[in-house]
2 protein chains.
Amino acid sequence: RPYELISTVCLFFCVIRYTNGIALSGISGVAHDKMTDKAVFTRDKVLTIHTMNPTVKKVEYAVRGPIVQRAVQIEKELKEGVKKPFTEVIKANIGDAHAMGQQPITFFRQVLALCSYPELLKDNMFPEDAKNRARRILQACGGSSIGAYSASQGIECVRQDVARYIECRDGGVPCDPDNIYLTTGASDGIVTMLKLLVCGEGPTRTGVMISIPQYPLYSAALAELAAVQVNYYLNEDKCWSMDVSELERSLSEARKYCNPKALCVINPGNPTGQVQSRQCIEDVIRFAAKEHLFLMADEVYQDNVYAEGCQFHSFKKVLFEMGPQYSNTVELASFHSTSKCYMGECGFRGGYMEVINMDPEVKAQLTKLVSVRLCPPVPGQALMDLVVNSPKPGEPSYNNFMKERTATLSLLAEKAKLTKEILNTVPGITCNPVQGAMYSFPKISLPEKAIKEAKALGQAPDMFYCMKMLEETGICLVPGSGFGQKEGTYHFRMTILPPTDKLKILLAKVKEFHQKFTKQYS
Amino acid sequence: RPYELISTVCLFFCVIRYTNGIALSGISGVAHDKMTDKAVFTRDKVLTIHTMNPTVKKVEYAVRGPIVQRAVQIEKELKEGVKKPFTEVIKANIGDAHAMGQQPITFFRQVLALCSYPELLKDNMFPEDAKNRARRILQACGGSSIGAYSASQGIECVRQDVARYIECRDGGVPCDPDNIYLTTGASDGIVTMLKLLVCGEGPTRTGVMISIPQYPLYSAALAELAAVQVNYYLNEDKCWSMDVSELERSLSEARKYCNPKALCVINPGNPTGQVQSRQCIEDVIRFAAKEHLFLMADEVYQDNVYAEGCQFHSFKKVLFEMGPQYSNTVELASFHSTSKCYMGECGFRGGYMEVINMDPEVKAQLTKLVSVRLCPPVPGQALMDLVVNSPKPGEPSYNNFMKERTATLSLLAEKAKLTKEILNTVPGITCNPVQGAMYSFPKISLPEKAIKEAKALGQAPDMFYCMKMLEETGICLVPGSGFGQKEGTYHFRMTILPPTDKLKILLAKVKEFHQKFTKQYS
């Protein structure tokens, strides 16, 4: 609206401001709204883009960035009847399995319903094992209600179940429930650990090594904490594996301007979909030990391994297999979540972290810090419990649970293969196998003309490409620049989550778009 | 365990360290465990109390502090059969209604069960209005599952319902759903707002005014953000009301060493249980406008008003009644939660905040910031929706809902009165009426001898008192020093939540203990 400042009125008020301070001060101007013919009161804001926290301004999170905002807009436009060259937006930007049609595990949801409304325990429609799990969780809650706060570290019996699960996963390596912290999704645990680590100023400011490409939670959290982001590059030519020589290069450069204290690894990889070999993990642990780095292992995709010959090795298991000179000394925090794997329950915000070799005084500080937020959501804790304590052979729900779990994972494996195969048929797109996780991160070659046009618009070239793809095809991907990539290379991340038929359409459209785009700018 | 350092072995390893760097470096020492006759590998930790984030060390949170940790220990000891002068620990330290036996609202839990396991929609055991609410929530979720991520700001239809609820609560003052952000409990919203506000260094560092006594989330969040905590005192003699003259004193002193930018108010009060008058709120708003302060109104106890003549007035409503020179200019964020009021659903971590007159650029930054954590827990969002869109007259669940709601609130009103009356019969305890919220915050006089003994132990005198009470009676309260209080005064916070019969026992025990304690130290 056009405001016209009436300076005489303003002056009048300013005078009053000093003579009758209480009633009218705080108003720094009065404007006149031509449309409504009314006086409009204005005042300098306390909180503006110039007075706000500068570290928050530096935060970026591509997975829900401008391209996704535009996708939401386009969806609204479609609903309003705006004509587009497509009829629906396909969101392949985020690992949101249920939104893409994946069905929840029946057993998990039965237990959650029982916990929510325990009257249902009297009903005959639920299997006994579901009822038993619900009773056990409820007994561990204050007043037998999931509406009570839990201990800040998480419900004790859930932490015990997590510990048993980890022991079983890692072939008997012991796990102490006291080292388990339940979290509000894995993100919460990762941010909390980073918060503990960061200190110092200038050249002693804490540096944290993260992979490039990375999941942008890391860069966002480091920006917010004003920590130094230390990049190490994954080797795209070797299927996004980690090279110790690259870690060494990155570290020695970083030591010139900050104090690198931690090394973060995402395995299976996000956004890159690789599964690191046991040897690679051992090398990384040895490097961390040698260089005195705290290890953070983001292992939320631990059940999402598809490629033949690939296997998930937890950092903890490898650490313990390397003998006491490592297992008694290297500090490690590892993270898991209810959001990924075969369950895909993102909305519940469940997760845990395990801390190994953490200094007891620091652990007390961690426990104190998490207490300020009272507790992670209890339904998410209950769900985490079900994931680590799923139906056992012989229990009534076992067969159906296994059927559902296997079906989901097989379908994901099939889609992982399909995605890689189809993308690699497109000239100008090269794509590593999706060994695990839920994403493909293909390299795209962009014509010089497109790069120039993007730069003229102040956009990253792959943002320009993805935005154009969205407008023309309705497909929502995230540009590689949102995750980081080697200078001069371009990528996008796409999830393999859409239902197979939709995924095929999506891949065909990507192919068609890429060819058209290349032609247009050649 | 006693470790004996074997320096020769250590030297041996140190040599190897430089000749065979990869295999053995990172070990900075090898010790010998006498008990097991084995070598023990040691290494300086990366993360120690000396190298960790110093702002985290400054965080304190009394509501779950040492006294509560001791209470948990005592509970374990009782279970193990350790003899004590009591048979159970009564936790009156935290506003955790369900843990104290309050029953959840049936309608809310029915809808949550339906959302968790939509197969139940086919069942005849649920009322139609519960099914309709569940269908509406599920339709708003990706893939019709509460396991999908929601928009980071919260599910759109829930935000619309919140806006309608606020309009209705505030007698028609308009509310824009775009100004609503769903949160992970109110704490999350408060911390997020503080995070936006804080900047500057030294004398320009952001100051935030908080009441003393305060809810320690505020002091904890400010410590973590390294912001300056600016205290203003509530007037205990006038039932913990706010005085503008005290706000002025506090502000003008603070301006000498920081840049005060925000004023936080908790109404109804935590830990002090007062309900601020409409006049007082108007005065505070005028003060904030005059002094150019961002207002934060913590209104999570808005339904918990018991005292005759008291009424809840939202800051927003009063702001809009003061006319456009205020309603168009004063920046306000207000907070609500599913954890308190008549529902007491703490475990779900549901909540919302409304922002008024926020600069659009800052709002864009806020939206970006919340996107990094993906979304608040969806079950908590669903619950928040039910709170703001509870059964309407004529719907099948209305009567039962109203019966449950009224019963809970009446019982709380009765216990508020009872607590104040009994505490005021104890010589040396004086207690303001519990007008609202869930807490009594009585002043206790402590004998000089007790104060000396406490100080000799390095304890706050009221911590010494509460710890003794816990050991002797099993009652867990929080000392006033955890919330802040006028120098030389002592208090404790106790919740009014225990069931009436237990509350009576608790109050009788407090009385007996206080008399005994006073006698012992006189």
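Guide: Let's start with the term we need: a disulfide here is a pair of cysteine sulfur atoms within 2.5 Å. In general, a disulfide is a covalent bond joining the sulfurs of two cysteines. Bear in mind that this is a predicted model, where local features need pLDDT of at least 70, side-chain atom pairs count only at pLDDT 80 or more, and totals for chains, interfaces and linings use all residues. Residues are numbered from 1 along each chain as its sequence is written, chains are lettered from A and ligands numbered from 1 in the order they are written, and side-chain values use heavy atoms, without hydrogens or water.

Take Cys264(A): the nearest cysteine sulfur belongs to Cys258(A) and is 13 Å away. Cys264(A) is also buried, at 2% relative accessible area (buried is under 20%, exposed over 50%, partly exposed in between, with a 1.4 Å probe and protein chains only). Over in chain B, the sulfur of Cys258(B) has its closest cysteine sulfur in Cys199(B), 12 Å off, which is too far for a bond. Cys258(B) is buried as well, with a value of 4%.

Another buried residue worth a stop is Gln276(A), at 3% relative accessibility. Gln276(A) sits in the loop between strand 8 (259–266) and helix 11 (278–291) of chain A; helices (H or I, at least four residues) and strands (E, at least two) are DSSP runs, numbered from the N terminus. The side chain of Gln276(A) reaches the backbone oxygen of Trp240(A) at 3.4 Å. Skipping neighbours within four places in sequence, the contacts of Gln276(A) (heavy atoms within 4.5 Å) include Trp240(A), Met242(A), Asn267(A) and His313(A).

Stepping back, UniProt's unreviewed entry puts "domain: Aminotransferase class I/classII large" at residues 126–508 of chain A; such annotations may be inferred rather than shown by experiment, feature names are shortened, and positions follow the numbering used here. That stretch is 43% helix and 15% strand, with its end C-alpha atoms 43 Å apart.

And the two chains? Chain A can be laid on chain B by a turn of 180 degrees and a shift of 0.0 Å along the axis, with an RMSD of 0.0 Å (least squares on C-alpha atoms of residues with pLDDT of at least 70 in both). The copies are thus related as by a two-fold rotation axis.

Technical notes: A polar contact is a pair of N or O atoms within 3.5 Å; within protein, one must be able to donate a hydrogen and the other to accept it, and residues adjacent in sequence count only if both atoms are side-chain atoms.
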